[in-house]
Amino acid sequence: PVPIEIDMEVCVCADYLRSQVKASVLERFSANVLADGTLAAFHPDRMSFGQTLYLSPLIALAQSVEGVKAVEVTVFQRYSDARTSGLTDRKLEFERREIARLDNDPSHPGNGVLRLTMKGGR
């Protein structure tokens with residue numbers, strides 16, 4: 001597993017609560033099974049060894065959350081390794097025996113982190 005690090009600035013629509021929108025985005029970017037039975041973005045069953053992780057679908061996923069007006073990704077890299085930034089190429093590539101991991105567990109940041117900066121909303 002290769003932990004990844006993503007920082008996003010999320011602009012929330014004026015009539016939505018930042019905290020609720022943040023919770024929804026975090027849920028979609030988890031490694032869990034969602035309430036409707038679909039797999040969240042980083043569920044292990046959605047990841048494959050050697051699979052390239054593209055930035056555009058992640059931005060689209062965040063923007064599909066109700067109450068999100070816009071999203072800007074400011075960090076997209078392997079955890080704590082700025083040399084691997086995928087912002088320019090809009091992708092992170094992995095070797096055939098590597099798999100992306102983002103658990104977003106504050107107790108274990110070495111398993112991948114997602115940081116959200118919420119703007120706008122109420």
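Contact here means heavy atoms within 4.5 Å. Keep that in mind as you click through this predicted model.

**Stop 1: H43.** Select H43 in the loop between helix 1 and strand 2 (53-54). Which residues does H43 touch, not counting residues up to four places away in sequence? They are S30, A31, N32 and V33. Is H43 buried or exposed? H43 counts as buried because its relative accessible area is 11%, and the cut-off for buried is under 20%.

**Stop 2: F42.** Now pick F42. Set aside its neighbours within four places in sequence, and F42 is in contact with I4, I6, F29, S30, A31, M47, L53, L58 and L102.

**Stop 3: the core.** Next, show the largest nonpolar core, which has 30 residues. Highlight I4, I6, M8, F29, F42, L53 and F76, the ones that touch the most other members. Then colour the elements that give two or more residues to this core: strand 1 (2-12), helix 1 (18-28), helix 2 (55-63), strand 3 (68-78) and strand 6 (113-120). Strand 1 gives the most, with six residues. In soluble globular proteins, nonpolar side chains tend to be buried together.

**Stop 4: the cavity.** How many cavities of 30 Å³ or more does the structure hold? It holds one. The largest cavity has a volume of about 30 Å³. To find it, select its lining: M47, S48, Q51, T52, L53, F94, I99 and A100. Colour the lining by type and you get five nonpolar residues, three polar and no charged.

Terms used
Residues are numbered from 1 along each chain as its sequence is written. This is a predicted model: local features need pLDDT of at least 70, side-chain atom pairs count only at pLDDT 80 or more; totals for chains, interfaces and linings use all residues. Side-chain values use heavy atoms; hydrogens and water are left out. A nonpolar core is a set of buried Ala, Val, Leu, Ile, Met, Phe, Trp, Tyr and Cys residues joined through side-chain atoms within 4.5 Å. Buried means under 20% relative accessible area, exposed over 50%, partly exposed in between (1.4 Å probe, protein chains only). Helices (H or I, at least four residues) and strands (E, at least two) are DSSP runs, numbered from the N terminus. On a 1 Å grid over the protein atoms alone, a cavity is a set of points where a 1.4 Å probe fits but cannot get out, and a pocket is an open set with protein on both sides within 12 Å along at least five of seven lines; lining residues have an atom within 4 Å of a point. Grid points are joined across faces, edges and corners, and a volume is the space filled by probe spheres set on the points. Ala, Val, Leu, Ile, Met, Phe, Trp, Tyr, Cys and Pro count as nonpolar, Asp, Glu, Lys and Arg as charged, and the others, Gly among them, as polar.
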